[in-house]
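Here is a short report for a reader meeting this structure for the first time. Look over the sequence and the fold, then read on.

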Amino acid sequence: DQTIYLADYAPVPVTVTHVDLQVRLDPLATRVSSRLTCIRQGPGDMVLNGELLKLRAVRLDGEELSPDAYSLTDTTLTILNAPDSFLLETEVEIAPQTNKALSGLYMSNGMYCTQCEAEGFRRITYMLDRPDVMATYDVQIDADLPVMLSNGDETAHGHWRDPWPKPTYLFALVAGDLIATHDSFTTMDGRDVALNVWVRPGDEGRTAYALDSLKRSMAWDEKVYGRVYDLSVFNIVAVDDFNMGAMENKGLNIFNSKYVLASPETATDADFANIERIVAHEYFHNWTGNRITCRDWFQLCLKEGLTVFRDQQFSQDARGFATQRIGDVLNLRARQFREDAGPLAHPVRPESFVEINNFYTATIYEKGAELIGMLRTLVGAEGYAAGCALYFERHDGQACTIEDWLACFEAATGRDLTQFKLWYTQAGTPVVKVTEHFNDGTYRIDLEQVIPDTPGQANKKPMPIPLAFGLLAQDGSEVVGTQIHELTSETDHLSFDLDAKPVLSILRGFSAPVILDFVQPDAERLTLLAHDTDPFNRWEAGRALAKDRLMRAVTDDADFDAPWLDAMTTLATDTDADPAFRALALALPSEDDLAQSLHNADVVPDPDRIYAVRRAAQLAMAEHLRDDLSDLRESNATPGSYDPKAEDAGKRALSATLLRLQTMLDGGKAARAAYDVANNMTDRMAAFACLLDAGDETVAHSFEQDWQDDRLVMDKWFMAQVAHAAPRDAVGVADRLTRHRDFDASNPNRFRSLIAGLTGGNPAGFHNPDGTGYEFLASWLLHLDKSNPQTSARLSTAFDGWTRYDADRQAMMKAQLERILGTTGLSRDLSEMVIRMLK
Ligand code: B3K
Ligand code: ZN
């Protein structure tokens with residue numbers, strides 16, 4: 001059994017305080033010489049990690065080690081009877097060119113780069129590859145290449161010194177023919193920091209937004225958290241082949257090029273927003289992750305949940321609280337609630353894992369961020385600031401646990417957080433049941449929390465749930481402003497003396513990551529939609545109205561009623577309201593959201609029926625709005641040159657929503673016109689998607705003619721065609737595209753575009769009743785697993801909802817999961833995922 005348990009944590013007997021590396025780069029025979037300063041801190045052998053390394057020499061204090069003084073396996077080098085303090089030298093050879101797992105040192109389009117989190121450093125040299133071993137580094141890179149970068153500050157060409165102790169996972173090295181856009185930032189204590197964004201020649205015209213986002217992030221972290229940057233240079237590098245979004249290596253962030261490069265012609269508003277958010281996220285890690293890191297990987301949420309929370313705060317400040325919050329909640333529900341409700345559910349701090357890379361999940365990131373938000377609500381903004389200040393002061397330079405983090409808030413505020421800690425250890429999304437009673441001038445709200453069983457966990461304890469709520473009169477005026485009620489026991493109630501039954505606005509701002517079980521009359525929801533002072537709940541009321549209708553259309557063939565359509569029209573045409581908000585309010589719940597909700601209501605979701613009902617609802621909305629659509633789009637035009645600012649992006653989002661409705665009516669006429677005049681990728685992609693929906697047979701070809709030389713734009717082309725194919729054609733389209741000359745499974749962006757275009761973008765296509773979608777996914781996962789297990793394991797989560805569906809679909813999905821599991825040579829990554837899904 002390869003399972004690793006939190007309960008087994010023990011510090012290393014011998015630690016490393018300084019790493020001296022010399023790296024002689026060569027595609028097939030890179031030589032890594034390392035000299036580790038080692039110090040004993042307890043009894044036991046020193047066990048270093050190492051994978052796919054050819055060991056050429058081992059020396060202890062300058063003496064070649066005799067074969068009986070060490071032992072070697074495929075994954076370890078053990079130094080027997082090591083002294084109390086010594087220098088350990090090793091020489092190894094590695095082949096970055098053949099490394100297609102994109103973990104460790106590898107090559108992407110001719111450049112050398114690294115990815116060490118979580119356990120990639122052991123593919124570079126022998127080392128204690130775990131986060132509680134923090135060392136300073138000296139790195140010498142030898143190669144005949146113009147640009148050679150590592151962490152810290154450069155002391156001579158190719159020589160880098162990082163004075164800040166860091167764990168191995170934050171090590172980075174980049175070398176190649178790169179070009180930088182330069183800028184600088186002066187810290188609040190008056191130091192100048194050189195900022196560089198390094199890209200392949202030809203891409204340097206697309207770096208401005210990333211640089212601007214970086215400067216704004218640095219200023220924001222000084223202002224809001226008092227965190228100042230600590231080196232004289234901050235480098236960002238864009239890499240085309242990358243398994244995830246980006247990596248916070250100390251002073252040398254490495255990014256998927258998709259999250260750096262942007263120009264109006266090639267990037268959408270969503271791309272710009274992602275760049276801003278991810279640049280901020282990686283920068284914020286400099287304090288929450290790097291200066292203070294995790295003791296072990298079970299504490300991953302210590303850095304990730306907190307850093308996501310910080311990037312969400314930053315984006316709220318940059319883009320507007322309400323729309324950012326709504327977007328973050330949509331994402332939480334789509335990814336984390338789904339995960340929490342299925343076989344992959346795990347606590348924010350898991351207790352065991354087989355492959356840690358499988359735990360970079362929505363639960364650890366997004367639910368982890370919600371826990372920080374709840375903590376802030378519970379201790380108040382000042383208590384939160386005091387707790388954070390204490391955390392930075394007390395733990396700078398350390399590798400910490402969730403207990404360390406919570407203890408700072410207990411010390412700073414005097415509050416006991418014992419019960420709050422349950423949020424870290426109990427998986428599953430709590431359901432809060434709300435019932436109202438009004439009698440003789442007394443209004444009472446009964447509350448009950450139920451936490452569902454999840455794999456390996458049953459009979460959970462009640463958790464502290466901060467419920468932000470307010471009360472409106474039936475005419476919409478507010479009678480009780482926002483208050484926080486802490487639901488700490490299983491049941492509880494609230495009472496108010498009032499003349500008339502109020503309209504309850506509960507879970508304002510989405511104050512806790514829970515599912516509300518609350519049946520509220522339509523009339524009250526319409527009141528909230530029109531009048532709630534809490535913009536999140538205004539949106540939520542509209543959402544609940546729409547979801548009710550769609551669910552009833554699925555289960556009872558119900559029609560879309562005039563009062564609802566009138567409310568949607570009012571929203572669409574309300575020129576006083578923020579266009580971004582209107583776009584969010586007009587968007588219907590996604591197909592997967594409906595499948596989740598139907599399943600929660602004990603209805604077996606039928607993907608074809610959901611698809612048809614959603615389209616019918618769009619058609620009904622379109623018909624209701626028919627006479628206004630063109631004018632509305634016109635009044636939300638953003639003439640002149642493209643500006644990525646949130647205000648314009650909101651208008652473009654609304655206009656895209658309206659174009660989709662127009663397409664339901666005119667078969668693509670308006671979309672064709674919009675496509676032809678588009679001067680930016682946001683408008684172009686919106687029109688492209690509509691044309692594909694309408695079955696246009698020429699637009700894919702002309703799009704390809706225009707953009708075939710642009711890798712990032714072609715990712716969109718691959719994805720959109722699969723996502724917007726008619727459900728019965730989707731698997732065929734995806735399969736045909738895998739034979740396109742530009743399809744390259746070894747590039748994660750391209751692979752993900754095509755596969756997730758089907759599994760996430762076209763649920764009715766993926767769930768084709770003939771099972772071809774499942775077979776297609778399984779075949780491609782098996783194919784990719786041979787070279788890139790991290791990405792195959794990640795995309796296997798498309799199967800995690802399999803038990804929701806009808807018996808035929810369940811049998812077919814199960815058969816594919818079993819087929820994967822029965823394949824020899826399966827990676828530890830993919831096999832762990834499949835085993836968990838089959839349990
Ligand atoms: N810390 C990295 C993620 C590493 C994933 C390793 N499989 C990016 C981030 O969260 O900022
Ligand atoms: Zn992160």
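Helices and strands are DSSP runs, numbered from the N terminus; a helix needs at least four residues of H or I, and a strand at least two of E. The model is predicted.

**Overall build**

The protein has 26 helices and 31 strands. Its radius of gyration is 27 Å, close to the 28 Å that the globule rule gives for 839 residues, so the protein is as compact as a globular protein of that length. Along the principal axes, the C-alpha atoms fill a box of roughly 85 × 65 × 60 Å. Of the 839 residues, 52% count as buried.

**An annotated stretch**

UniProt lists residues 89-157 as "domain: Aminopeptidase N-like N-terminal", in an unreviewed entry. Over residues 89-157 the chain is 46% strand and 0% helix. The end C-alpha atoms of this stretch are 24 Å apart.

**A five-stranded sheet**

One open sheet has 5 strands, in the order β17-β18-β19-β21-β20, with mixed pairing. β17 (179-186) and β20 stand at the edges with a single partner strand each, so one side of each is left without a neighbour in the sheet. Strands of a sheet pair through backbone hydrogen bonds, either parallel or antiparallel. Here β19 (residues 233-239) and β21 (residues 252-256) pair in the parallel sense, over 5 bridges. I236 stands opposite N253 in β21.

**Around ligand 1**

Which residues surround ligand 1? They are E117, A118, M244, A246, M247, E248, H281, E282, H285, E304, N357 and Y360. Two elements give two or more residues to this shell: β20 (246-247) and α2 (269-284). β20 is also an edge strand of the sheet described above. The shell divides by class as follows.

| Class | Residues in the shell around ligand 1 |
|---|---|
| Nonpolar | 5 residues |

Where is T823 placed? T823 is in the loop between α25 (807-821) and α26 (828-838). A buried residue would need 20 or more, and an exposed one 12 or fewer. T823 and L102 are 721 residues apart in sequence. In space, their C-alpha atoms are 23 Å apart.

Notes:
Residues are numbered from 1 along each chain as its sequence is written. Chains are lettered from A and ligands numbered from 1 in the order in which they are written. This is a predicted model: local features need pLDDT of at least 70, side-chain atom pairs count only at pLDDT 80 or more; totals for chains, interfaces and linings use all residues. A residue is near a molecule or strand if its C-beta atom, placed from the backbone, lies within 6 Å of it. Ala, Val, Leu, Ile, Met, Phe, Trp, Tyr, Cys and Pro count as nonpolar, Asp, Glu, Lys and Arg as charged, and the others, Gly among them, as polar. UniProt positions are given in the numbering used here, feature names are shortened, and annotations may be inferred rather than shown by experiment. The radius of gyration is taken over C-alpha atoms; the globule rule is 2.2 Å times the number of residues to the power 0.38. A residue is buried if 20 or more other C-beta atoms lie within 10 Å of its own, exposed if 12 or fewer, and partly exposed in between; C-beta atoms are placed from the backbone. Two strands pair if DSSP finds at least two bridges between them.
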